[in-house]
Structure formats: structure tokens, C-alpha cells
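Dear colleague,

I am handing over the structure below, and I would be glad if you looked through it alongside the notes that follow it.

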Amino acid sequence: MKNKHLNQNVRGIYRKSGLYLISILVLFVSIGILTTVQPAYRFSSSLLTEWTRDIDGFVFYNLLSMENRAFKQAFPEDRQLPKLSSVLFQVATNLKPDDPRSLLGNEIPGFSIYDRQILIAGEGTNYTNLPFESSPPLEEVLRDREALIDDPKEGKAQNEEEPKKDTEDKTPATDDKKVVYIYNTHTRESFLPHLPDVTDPDLAFHGEVNITKVSDHLAKALEDKGIGAQVEDADIDKVLNDKGMNRSQAYDASREFVEEAIAMNDEIRYVFDLHRDSVRKDVTTKEINGKSYARIMFVVGMEHPEHEKNIKIASELHDLIEEKYPGLSRGVVPKQGSGVDGIYNQDLSQNAVLIEMGGVDNNLDELYRSADAVADIFSDYYWDAEEVQANE
């Protein structure tokens, strides 16, 4: 009898040892496959995010409650867990049983652009005219093109008068501190009115007459308001070409410059990334007090933990613009998921803002006026924040 029990115990030990060995082998084989497979077929954080981002958050909350029963006390009495079959079906197919858009968006070309969100809708903003980025090959972006600027006085809109300064100007100033950092991830985004040989909006790019001129103008306008600003002069599109990167990696390339600027200057408190939208003139232009302005829109990346802080500053700036320049702001939109960057380097600063300045059909006069308006409202925002901080 004792021998029988001994043999059973030995067999049990062998079975468990065998299971452990098989598990270890499977683990090592799986790791080997995941680390040696071609990058295009590997699991990535973005892929996993795409699979799980639309799953009901209550599922994950319930998983936490299995480890800590205190979570169960917060369960709504009328809330039921979704069926396991529905969750597995959604993860496996990326289709939502209760949302036909998830199927139509995959099957109908162009339909997926409507499956997006709007945090704050400005005048006329809807799902048909949200900002999007044209993505021509990098060689097209870098191609030499003729460009014309009517006004030889760079940094000032044509026929605009220079502001008269009070000899006893008491405007507060940051002195030598550069508290705003301005850069352009898509450096060569240009404007059709200044490209006489270009009619295709997807080819509106130029090495000199581009969005960087708007950044320079904005910096000067901020300086006039007493706010020191630093403009990044790196040509990110050229950096991509020199490093053999593609245009979808533009934010990776510009990130290095943002990180370096923040590391070298601890006075930087606000980070602006200026872009030019690809939507057309009827959406991106607004007449205010008899003058034509290029409308702006704020974009917030949602794929980092502190995005709520970026939403806060974008929303506050939108509200200030609407008070003083009604209709100038197109609103605030979040971006996440496949096909977009989802972070836009905004994890580097809670006061990081991506601003779409006008569109492909706007001219520099309109853009400079809008830059002046942004500097105007931002100066109010900045000095109010400084006063609050000083009184704390």
C-alpha cells in the first residue's frame, strides 16, 4: 500500500515537473519568436492600444476588483459586465456589435475620418472638416519650387501699420528669459497663394516660404508683449532626409530638439508646435472687423497620461480667443489611435500646444494677423497666470 502511494506521489511530481518544463520551453520559444520576427509583424504598444482602447473600461475595473475586493464596493448596482463572447469578438475583429460605424469605417474608403472626436467645436466645426495632414513622399516635400512674397517686410502683414509704442510703456516683461519655445514639426508646410506653379494642395511645400515664417512672426509679437520667445531653426524635414527616416517619424525627429531646448533652458514654460492645415479656404478663413484672418485649431494628443493638462491650456486659450476674436478658433480636437502620432511631444510639457495655423489656401497676411491675435490673447493668459502664481 505504501509503495502504491509512493508511486502515485512520484508520478504526480513527474507530471508537475513536466508541466513546469513545458511552460518554460513555451515561454522561451514565445520570447524567441517575438524578438526575432520582422518588426512589421511584432506586437507594439500602439497595436495593443488599438485592440483594447474601445473595450468597456468596466471590464478592466472588474479585473482590478479580483485582486482588491475594495473596488467592488464602488460597483454601480445596475451595471453589468459585458458578455465575454462580445469582448473576445471585439478584440479579434475590431468590430463593435452595437456600432455599425466600426464595420463601415473599415469597408468604405474615407469613412473612418468621421469616427473621431471633438472636444470643443468652434464656429462651423464638424466631423467633415477636422484637420488632417497630407502625407506626400519626403522627396516631394524637399523638392525645389518657386515662391513669391508680395510684402518685402517679412514679419509684418502687408498694409498693416507698425504698432505705436508708448514712450512710457509699462508692459511687464520676462526680460532676458525665453519662456516660450516655438517649433515646427512639419517645417516646410507652405501656402498655395505663394506658390505660383503649384495647384495641388498636397504639394504645397517650400524650403523657405512656409510655416516657419509664422513662427518667427509669433515670436516677435510675443516679444512686443514682453514675453520672451525662442524659435527652433532646425529644418525637421531635412533632418528626416539626412537620417534616412520617413515623414511619419517627424515627431520623433522634432522631439530631440524639444528635449534639448527644455534641457538647455529651464525657463521654458510653454511649448508651441505650429502647423498648416490641409483643409481648404472656406473652412480656414474668417473676416473680423473687416480684415481676413487664418483660423486656428488646437490639437491634443491623448496617448500619454498627462493629456488632461494639455487639454486644459488648449481649452482656456480657445475660450480667450472666442471672447476677443469670435470665430477665429475652430476649436479643440483630440487625436489617438492608428494613423496619427497620438502624443505630439505633449508629454514633455503640460503647457505644450499644437496649433493648426490656417490652411493651404491662406496667405501670410492672414496668418500674421492670426499670429498677432494669438500673441494678444496669450499675453493676457500668461500675465494672469504669473499674477496668480505670485499671490500663492
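F272 is buried, at 1% relative accessibility, where buried means under 20% relative accessible area, exposed over 50% and partly exposed in between (1.4 Å probe, protein chains only). Please bear in mind that this is a predicted model, in which local features need pLDDT of at least 70 and side-chain atom pairs count only at pLDDT 80 or more, while totals for chains, interfaces and linings use all residues. Residues are numbered from 1 along each chain as its sequence is written, and side-chain values use heavy atoms, with hydrogens and water left out.

F378 is likewise buried, with a relative accessible area of 1%. Rings of Phe, Tyr and Trp (its six-membered ring) pair if their centres lie within 6.5 Å, and planes under 30 degrees apart count as stacked, over 60 as edge-to-face and the rest as tilted. By this rule there are ten aromatic pairs. One of them is stacked, joining Y181 and Y183 at 5.6 Å centre to centre with 20° between the planes; Y181 is buried at 0% relative accessible area, and Y183 is buried at 3%. F272 and F378 form an edge-to-face pair, with 5.2 Å between centres and 80° between planes. This pair links distant parts of the chain, since F272 belongs to strand β4 (residues 270-275) and F378 to helix α12 (residues 364-391), 106 residues apart, with helices (H or I, at least four residues) and strands (E, at least two) being DSSP runs numbered from the N terminus. Ring pairs also join F272 and F378 with Y270, Y381, Y382 and W383 in a cluster.

Best regards
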